[in-house]
Amino acid sequence: MAAASARRPRLAVWKFASCDGCQLSLLDCEDELLMVAERIEIAYFPEAARRMLPGPYDLSLVEGSITTPADAERIQRVRRQSRRLVTIGACATAGGIQALRNFADIREYAAAVYPYPEYLETLATSTPISAHVPVDFELRGCPIDKGQLLEVIKAFLADRKPAVPGHSVCIDCKRRGNVCVMVASGTPCLGPVTHTGCGAICPSYDRGCYGCFGPVAGANTAALAKEFAALGVARRDIARLFQTFNAAAGAFRDEAERHGD
Amino acid sequence: MATRQHSILTIDGVAALLDALRRRGYRVIGPTVRDQAIVYDDITSLADLPRGWTDEQGAGRYRLARRDDDAVFGFAVGPHSWKKFLHSPAQRLWRTERSADGVRIIAEPVSAKPLAFVGVRSCELHAIAIQDRVLLEGAYPDQHYRARREAAFLVAVNCTEPGGTCFCASMNTGPKALGGYDLALTEIAAEGERRFAVDVGSAAGSGLLAELPHRAATPGETAAAEAAIAGATGRMGRAMPDADEVPALLRRNLDHPRWEEVADRCLTCGNCTMVCPTCFCTTVEDVASLDGSASEHVQHWDSCFTMDFSYLHGGSVRASPRSRYRQWMTHKLSTWWDQFGTSGCVGCGRCISWCPVGIDITEEVAAIRGSDSAARGREG
């Protein structure tokens, strides 16, 4: 304890292509935030503090995906200044909702949105941070769960592996005592193939899981998609179910493509 | 076999039963309608019971439905089992506090409030007996399970309305409750009202019944109760083929191509293990405070279908869905005998109904059996 107070580890929070929701989860920690600030020096966090201290940093939390040539460069500099680099949220871990561009022509998108798209300098794809630099840990979710974010920070402080389980949403849904919305109501639900983390929020409110935490390891999306079809979900809607915040994540991307036009 | 002398409760008698349990300090839990299903939850009066409701069940499908009568227990088992209350999904085991004097370990006290379960089916009594064996026998009995189990009052209900995925008759675990309860009810309809034939299974049950308005059953009522249960035996939605032979069948078919076929369908989501009333596996998690001054050691339900479950240094032992499904099913139906001296399956059908893609354990056994020369040979 004494050593830790002598020199607090330095934290940096970085934003790439994203909505800022995940880094706000840190501010959302409210009760725990003061304790975090006691144990860690928040050295670089433009969303929260005017004072921005130069690197190197002991822990970098990186939000957002890489969508521009400038960001592809910048992430290299972030990595060089960071002892540990943890990516937070679906954008940083899977490319985010903006990875829908990966399945389309970005020039057409840009022309539809901006009056002078020629001024944009953008990449054809939105890619996760891990496609550019080595990442020490990926914390999933859209947005991330603040309890899990605290666990990652606590694990970093204790120099241990974060206790972030990798099972399906169904395990947590059943632990909560929920009635399965798919079996009891015929509601399509991505829970069986989705990585846990949220605590099964949507099925607890009688909705199917939207897959915010991305595919679980070894996700059998093909078998689930077949069941969705049996429930009467149209082919195009099956593709859409898989094409949201984790559209570019392995098994979800593949399943959407299998149900493409 | 001599027919046991039944007593009869009316619907008011059932209401009095719930009141009597509450007066004795029990937390009363029973079936109730919630979220499009008949679940087990706290009940305070007759109005909480699913009177006039039933369920329609098939592989990967459950629908709550209205009955055309006002039966109180006219449904099969739902998504919950009593393990939710006896073997809690999350149980803190101990916690630590760090102070100037060092680290103090504080054991979690066992829960004090006794539980009363109303509507325990025969398959579930068997499941509880199986969990008793797993969690209470051996060198390290589960103290939390033991405290809840020993204090629990069980009101069984004999099944008169088996579901589409039920197969207790073929597993010799139902539909009639043969023991392990304090009181057992059999619901019958007579002269336009619901009546409940009562069997006493313990001194505690006898003592409670004495407090309730009841009378001796007529021979006709006793016969009606027996007929209702016998009728249920013949209306099981499914059957485990040749159940006594299944342990050996699976033992000699560990490389059957069917495991690959079922793995193509299996989501490895773990739902079957969560709804199974005998699956008992848990994991533990340590939750520490930010400043390292306190921590908690918490036990959670786990599942052999997760990758973490068999993770050793370097990777998961059962990485393929095939190996995970096979592990679950062969343990349940075959190696459970070697380990605990019984089957791990009680034929409740929950794993069939609540599998999101409707994998049917009886169908999987039948498929393996169908191409097993030894099994076919016996049929001659």
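Student: Is A:Glu255 buried or exposed?
Tutor: A:Glu255 counts as buried because its relative accessibility is 2%, where buried means under 20% relative accessible area, exposed over 50% and partly exposed in between, with a 1.4 Å probe and protein chains only. This is a predicted model, in which local features need pLDDT of at least 70 and side-chain atom pairs count only at pLDDT 80 or more, while totals for chains, interfaces and linings use all residues. Side-chain values use heavy atoms, leaving out hydrogens and water, and residues are numbered from 1 along each chain as its sequence is written.

Student: Which side chain meets A:Glu255 in a salt bridge?
Tutor: That partner is A:Arg258, at 2.4 Å from N to O, a salt bridge being a side-chain nitrogen of Lys or Arg within 4 Å of a carboxyl oxygen of Asp or Glu. Both residues lie in helix α13 (residues 250-258) of chain A, three residues apart, about one turn of the helix; helices (H or I, at least four residues) and strands (E, at least two) are DSSP runs, numbered from the N terminus. A:Arg258 is partly exposed, at 46%.

Student: Switching to chain B, what does B:Arg92 pair with?
Tutor: B:Arg92 forms a salt bridge with B:Glu108, and their closest N and O atoms are 2.8 Å apart. B:Arg92 lies in strand β6 (residues 90-99) and B:Glu108 in the loop between β7 (102-107) and β8 (115-120) of chain B, so the pair ties together parts 16 residues apart in sequence.

Student: And how many salt bridges are there over all chains?
Tutor: A search of the whole structure finds 46.

Terms used. Chains are lettered from A and ligands numbered from 1 in the order in which they are written.
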